[in-house]
Amino acid sequence: AAMEAKDEYTSGHSMRVVKYAMMLAEKLNLSEEDRFFLQLSAALHDIGKIGMHDDILKKSATLKEMEFLYMKEHPVIGSKIVNEIDDLKEVAAVIKHHHERYDGTGYPDGLKGEVIPLFSRILAIVDAYESLVSDRIYRTSIDMDDAVRILQHNAGTQFDPNLIALFIEEIKKNNLD
């Protein structure tokens, strides 16, 4: 609710990310405990944005280099917020790494491949997909087919290629545009 109040333009984003994450969790046959853990991670993945200035969060133009560097701190901020709750220490690690890239060029720590926590790799995919198929203040949404092409193009670089294949299979099966 705090995130939604902070940035109404992305209203519902986290809950849609939860929906896509749970769809992939089902495909992966995750345990109920892991599904709950992933659900919490998905719901809270952008909580660090409550610490971001509105002039950057709501900017309709491309972010300048310093603004982008500042925005890249939201996973670390979110991780610190969630880490204060004893039962959510593992969720904090997932949040911190949801912008890592499979090829090691992501942030904040430049983790690579399967060193990136599984749930962070899942969130990277479902967060990107949800962002692509939703309107943003700086651009309009694209359709499912174009979003799938972008995900496929970035499999192995930005995203875990095995998880991408499973996610695309599921969104096509469910026609989740």
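Biologist: Which residues form one aromatic cluster?
Modeller: This is a predicted model, and its structure holds 4 aromatic pairs. Y20 pairs with Y129, and Y129 pairs with F167. The aromatic cluster is formed by Y20, Y129 and F167.

Biologist: At what angle are the planes of Y20 and Y129, and is the pair stacked or edge-to-face?
Modeller: A pair of aromatic rings is described by the distance of the centres and the angle of the planes. The ring centres of Y20 and Y129 lie 5.2 Å apart. Planes over 60 degrees apart count as edge-to-face. The planes of Y20 and Y129 are at 80°, so the pair is edge-to-face.

Biologist: How many residues apart are Y20 and Y129?
Modeller: Y20 belongs to helix 2, residues 13–27. Y129 belongs to helix 8, residues 118–132. The pair links distant parts of the chain, and its members are 109 residues apart.

Biologist: Why is the pair of Y129 and F167 edge-to-face?
Modeller: The ring centres of Y129 and F167 are 5.3 Å apart. This pair joins helix 8 to helix 10, residues 161–174.

Biologist: Is F167 buried or exposed?
Modeller: Buried means under 20% relative accessible area. Y20 and Y129 are both buried. Like Y129, F167 is buried.

Biologist: Which helices do the buried residues of helix 6 pack against?
Modeller: Helix 6 spans residues 74–83. Its buried residues are H74, P75, V76, G78, S79 and V82. They pack against helix 3 (32–44), helix 5 (65–71) and helix 7 (89–96).

Key. Residues are numbered from 1 along each chain as its sequence is written. This is a predicted model: local features need pLDDT of at least 70, side-chain atom pairs count only at pLDDT 80 or more; totals for chains, interfaces and linings use all residues. Side-chain values use heavy atoms; hydrogens and water are left out. Buried means under 20% relative accessible area, exposed over 50%, partly exposed in between (1.4 Å probe, protein chains only). Helices (H or I, at least four residues) and strands (E, at least two) are DSSP runs, numbered from the N terminus. Contact means heavy atoms within 4.5 Å. Rings of Phe, Tyr and Trp (its six-membered ring) pair if their centres lie within 6.5 Å; planes under 30 degrees apart count as stacked, over 60 as edge-to-face and the rest as tilted.
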